[in-house]
Amino acid sequence: MRQERNNIFAGVDFTLVFLYLFLMSFGWLNIYAASRTTEDVELLNFSTKYGKQLIFICLTFPLIVVILFFNSKFYEKFSSVFYIISILSLLGLFVFGKRINGATSWYNFGVIGLQPSEFVKAFTALAVAKLLSDRQYNFTLVKNQIKAFIIIFLPAFLIILQPDAGSAFIYFAFFFVLNREGLTLNYIILGVSTLLIFIGTIYFGPESIITSLFILITIFVILNIKKAGKRFLRFNWYKIIGAYLLLGIFVLGTNYFYKHVLASHQKDRFDILLGIKTDNKGIGYNSYQSELTISSGGLNGKGFLNGDLTQGDFVPEQHTDYIFSTVGEEWGFIGASLVIIAFMLMMYRIIYLAETHSNKFGRVYGYGLASILFFHVIVNIGMVIGLLPTVGIPLPFFSYGGSSLWGFTILLFIFLRLDAHKNYDW
Amino acid sequence: MQRSFLLYFSITLVGILFIGRLFQLQILRGQKYDPINNAAVKTQYDYPERGYVYDRNGTLIIANQLSYDVMIQPNEVAPLDTLEFCALLKIDKASFLKRFNRAQNYASYLPSVFLKQLAKEDYAYLQEKLHHYKGFYIQKRVIREYPIKSAANIFGYISEVSESKAKKNADYQQGELIGKAGIEKEYEVYLRGTKGKKYSHKNRFNKVTGSYKNGILDTLPSNGKDLTLTIDIELQQYAESLMKGKRGGIVAIEPSSGEILALVTAPSYDPNMLVGRKRSKNSVLLMNPNNPDKPTYDRSLMAQYAPGSPFKMMNALIGLQENVIDINTNFRCYEGYQYGRRKNEFMGCHCGIIGSPIYLKTAIARSCNSYFSNTFKRIIEKDNKPSEGLNNWSKHVKSFGLGDYLGYDLPAGAAGRIPTGTFYDNRINYRWNASSVISNAIGQGDVETTPIQLANFTAAIANKGFYYTPHILKKVAGEALKNEKYTVPKKTSIASKHFEPIIEAMHEVFKTGTGKSSQIKGIEICGKTGTVENSIKIIDGIKTQAPDHSILVAFAPKENPKIAIAVFVENGGYGSTIAAPISSLIIEKYLTEKISKPWVEKRMLALSLQEVYDKQKSKEIAPGTK
């Protein structure tokens with residue numbers, strides 16, 4: 001055991017490392033395909049996107065060494081410090097940040113920009129793990145639940161202010177973590193049904209949704225009266241009236257919010273996704289081109305560097321948020337499915353490993369990691385294949401961007417560090 | 001349930017959903033994806049040269065010429081001295097700005113035409129100067145040229161393909177040229193050739209970034225095929241010159257082959273008017289529906305006239321075939337034919353033989369109305385019901401290609417009209433008989449034919465009972481036409497032997513009959529004059545009857561005929577005064593290449609009916625207005 005202490009890679013799960021390397025290098029090949037402008041290859045060069053990304057990739061190795069160098073205990077002990085630094089870094093943006101594309105999400109250091117929100121996820125996961133693994137922490141208490149919510153949603157709130165709703169949305173991933181640790185599923189059910197009613201209201205209009213919901217409640221009430229008699233009505237009348245009122249207000253509120261509060265570009269994204277509007281040239285161009293590009297790949301794809309839509313720059317932001325469309329075109333159904341399967345395997349493996357942890361800190365953290373990856377994959381690929389609205393967040397390990405790559409590397413390798421030590425009594 | 005179940009389950013569900021969506025996009029929808037027709041591949045065309053066209057004697061009649069357009073690519077234009085530039089192109093500043101903005105609005109990064117079709121003399125000078133102006137250059141294009149200013153109705157014209165056609169037909173892109181009338185339209189497929197295609201990759205700014213698949217799909221253009229027409233362009237020109245100042249049509253056919261030797265409509269126009277810079281202006285002028293001359297309306301193919309007296313031969317032939325008359329049958333004529341009981345039910349006749357028996361040969365030579373009214377009556381009354389008799393008659397007439405589209409190879413045409421029993425059953429409420437429809441006996445009434453149908457009818461007589469569908473294409477790229485439609489003779493329903501007396505009679509027309517004054521020494525012409533009465537029209541509130549149309553059909557020589565012709569001159573009066581001399585001049589020109597009566601030629605060339613035509617116009621309505 002002593003021997004392993006000297007080797008920082010000892011106990012590291014190589015399945016995950018392999019998947020990590022695969023996604024990162026395959027990602028780079030696609031970034032190269034999507035961003036090269038000339039036949040000349042200029043690797044390790046700041047003048048090209050793929051050159052820059054290659055430098056970022058190379059720099060992940062010293063970063064990994066540093067992460068693995070520290071003891072597991074270190075991460076647990078200093079998680080609050082990391083968290084506070086994270087919050088400060090987000091706050092600092094409002095003073096020192098640089099405004100790019102209407103959002104203040106970046107610190108600017110010459111050629112390199114740094115996007116703190118990409119790192120904060122990892123440290124929030126640490127903080128949540130720390131909180132939940134406290135021996136005195138009883139998660140069934142609402143007070144404690146609120147504590148957890150504050151830790152999770154404080155950074156999300158600061159990110160919304162940038163504004164970067166996409167990155168903030170990711171924090172909902174922690175519900176999986178909290179559910180694993182005992183939070184009732186009702187929150188998720190509530191969230192999902194809220195979302196469904198929201199979409200339904202936009203799509204079918206408030207009248208039909210209110211009518212159908214009221215009918216549902218009424219059927220529910222009648223069924224219960226049949227079962228339990230009039231007693232049911234006597235004890236639950238306020239709940240029933242409350243349900244009618246709440247749903248009515250929510251639907252009307254949604255309608256108002258959608259029509260009057262939502263900025264027109266956000267409204268358009270929903271409209272296009274729901275097929276209310278078609279606009280293949282303007283705002284819908286990205287989704288349309290992206291779907292077309294993926295379709296054109298067919299089963300086998302057109303081959304590396306042979307995707308003519310990719311090479312012709314038809315998909316905007318293809319090296320970052322739309323990188324998956326490059327995979328679809330040049331590597332086809334086989335390549336694109338392989339990437340999805342790789343992500344699935346990675347997440348399965350993380351959950352599997354997390355469940356084997358005897359220590360709660362590692363398990364909670366692992367769940368945090370898996371859920372964050374999951375949300376990123378859903379939102380990003382869902383957008384690229386035209387199932388979800390346009391929300392600009394990167395595909396983990398894959399998309400162009402140093403902050404994102406390093407953020408996810410830190411997130412993953414802290415887990416690998418924790419995991420490597422799970423069997424020691426420390 | 002394991003606590004990890006929810007996340008495992010969600011991941012699996014989303015994974016399946018996503019892969020399913022990829023399957024839908026890439027496998028199901030991906031099959032429809034066309035690797036060449038998409039945004040990332042630019043197809044550039046290399047245009048072939050359009051085929052040349054020659055007449056039957058090898059004279060070049062349609063050629064190509066180079067045209068030079070000044071092109072502009074707005075995003076490459078550098079600041080320039082506008083005044084100097086305008087002076088160079090001979091345009092004013094307002095026009096410069098208009099053209100520039102139009103190009104800019106079209107696409108700033110794509111070339112478009114700035115100034116169309118420069119004069120040849122400007123080109124050399126401009127070529128030198130223009131390279132000082134960035135973003136401007138000269139592009140060569142091939143356009144049509146018609147060395148002989150004639151036969152516009154046959155040639156047709158080419159112009160930009162319509163948007164709807166370009167969308168439906170993969171062979172055409174918007175802005176490309178296509179034949180729109182005449183042989184340019186009919187034989188577009190031969191003439192256009194095959195475009196060369198060059199595929200290249202392009203980016204979303206439409207910039208070409210390299211060849212597509214190293215050019216393995218690229219093709220070279222192949223030029224259009226040269227055509228040889230059956231037209232004799234000299235004859236065509238000569239016939240056109242004779243029709244100057246007149247309206248009408250002339251069709252000349254070689255009976256032994258169905259080849260169209262000349263196809264004249266008058267008035268016509270110079271085919272070069274629809275080429276080049278003045279094209280659009282001229283086309284508005286020519287195609288104006290209020291233009292009474294209707295120069296783009298091909299009267300030789302489309303005008304439906306009552307055939308008049310030449311139709312008497314038809315009734316004679318049917319009479320012989322149906323055995324209701326023979327060459328010994330005679331009728332008497334008393335300055336006309338009383339077909340009903342009432343006094344006004346009388347058809348006048350100018351044959352001048354009063355009371356003596358008239359036989360077939362004389363009847364045709366002197367164009368006796370009474371003789372053919374009697375014959376027609378016998379044909380109709382042969383069957384019990386007049387309707388059946390007329391149907392039988394109609395069947396014979398139609399076997400000569402009358403009453404329907406002939407099937408020649410030009411895109412314009414009209415069916416004409418040959419009435420049937422049903423036609424009158426529907427039109428006449430009471431019981432009708434031969435007398436009710438007697439006008440058809442002399443080619444008036446409800447019979448309508450086009451000049452080409454009449455020429456074909458004449459050719460069938462010359463051939464003694466069969467004809468070849470008239471056609472205008474002789475050879476494609478030097479190879480003779482093999483289309484069975486034009487090489488297999490079509491038989492009429494009249495036995496060959498019945499044509500002998502008719503031909504004799506037609507010969508008599510030019511020897512002693514109505515065409516006597518137009519006979520030519522040394523050429524045995526067989527023909528028949530016609531004078532078609534016009535119906536009464538009301539112009540400016542006054543009942544007006546326009547002067548008769550002058551008609552003649554003929555073939556020559558009598559033995560082994562070389563040419564069959566139909567001449568139609570609107571409002572020309574008697575067939576013998578205008579149509580007959582014109583036909584004999586054309587026949588003589590074609591057969592001997594000489595003119596033995598230059599004074600007739602001179603008179604016909606100079607004759608103008610413009611005054612007659614002007615009278616028919618409403619005085620209150622000026623030409624060109626509604």
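Helix axes are lines fitted to C-alpha atoms over the stretch in contact, and angles between them run from 0 to 180 degrees between N-to-C directions. The axes of helix H16 (residues 323–356) of chain A and helix H1 of chain B come within 10 Å and cross at roughly 180°. Since angles over 145 degrees count as roughly antiparallel, H16(A) is therefore roughly antiparallel to H1(B). On the chain A side, the contact is made by A:Gly328, A:Gly332, A:Phe333, A:Ala336, A:Ser337, A:Ile340, A:Met344, A:Met347, A:Tyr348 and A:Ile351 of H16(A). Their counterparts in H1(B) are B:Leu7, B:Tyr8, B:Ile11, B:Gly15, B:Phe18, B:Ile19, B:Leu22, B:Phe23, B:Gln26 and B:Ile27. By residue class, this helix pair brings together 15 nonpolar and five polar residues, with no charged ones.

Stepping back to the whole contact between the chains, 27 residues come from chain B and 34 residues from chain A. Two elements of chain B, helix H1 (5–29) and strand S8 (196–202), each supply at least two residues of the side that touches chain A. H1(B) provides the largest share of that side, 15 residues. The side of chain B that touches chain A divides into 15 nonpolar, seven polar and five charged residues. For the model as a whole, the scores are ipTM 0.87 and pTM 0.68.

Confidence within chain B can be read next. The mean pLDDT of chain B is 87, and 98% of its residues reach 70 or more. Residues 620–626 of chain B have a pLDDT below 50, and this stretch has eight contacts in the model beyond near neighbours in sequence. Where pLDDT is low, the predicted coordinates should not be read in detail.

Chain B holds 22 helices and 25 strands. Of its 626 residues, 39% count as buried. Among the contacts in chain B with a separation of 6 or more, 71% join residues 24 or more positions apart.

Strand S10 (residues 227–229) and strand S18 (residues 473–476) of chain B pair in the antiparallel sense over three bridges, and B:Leu229 stands opposite B:Leu473 in S18(B). S18(B) also pairs in the antiparallel sense with strand S19 (residues 479–480) of chain B, here over two bridges. In that pairing B:Val476 has B:Glu479 of S19(B) as its bridge partner. Two residues lie between the strands of the S18(B) and S19(B) hairpin, in which B:Ala477 takes a positive phi near 50°.

Three strands of chain A form an open sheet in the order S1-S2-S3, with antiparallel pairing. Strand S1 (98–100) and strand S3 (112–114) of chain A stand at the edges with a single partner strand each, so one side of each is left without a neighbour in the sheet. Direction ignored, neighbouring strands of this sheet are turned by 50° against each other on average. S1(A) and strand S2 (residues 103–109) of chain A run antiparallel and are joined by three bridges. Across this pairing, A:Arg99 stands opposite A:Thr104 in S2(A).

Most residues other than glycine have a negative phi, and most peptide bonds are trans. In chain A, a cis peptide bond joins A:Gln162 and A:Pro163, with omega about -5°. A:Pro163 has its place in the loop between helix H7 (142–160) and helix H8 (165–169) of chain A. In chain B, the peptide bond from B:Ala266 to B:Pro267 is cis, with omega near -5°. B:Pro267 is found in the loop between strand S12 (259–266) and helix H10 (279–287) of chain B.

B:Ala151 has a phi near 60° and lies in the loop between strand S5 (136–145) and helix H5 (152–155) of chain B. B:Ala151 counts as buried because 28 C-beta neighbours lie inside 10 Å. For B:Asn571, phi is likewise positive, near 60°, and the residue is placed in the loop between strand S25 (563–569) and helix H20 (579–592) of chain B. B:Asn571 has 20 other C-beta atoms within 10 Å and is therefore buried, the criterion being 20 or more.

Methods
Residues numbered from 1 in each chain as written. Chains lettered and ligands numbered in written order. Predicted model: local features only at pLDDT ≥ 70, side-chain atom pairs only at ≥ 80, totals over all residues. pLDDT = per-residue confidence, 0-100. Contact = placed C-beta atoms within 7 Å. Helix = DSSP H or I, 4+ residues; strand = E, 2+ residues; numbered from the N terminus. Nonpolar A, V, L, I, M, F, W, Y, C, P; charged D, E, K, R; others polar. Buried ≥ 20, exposed ≤ 12 C-beta atoms within 10 Å, placed from the backbone. Pairing = 2+ DSSP bridges. Parallel < 35°, antiparallel > 145°, perpendicular 65-115°, else oblique.
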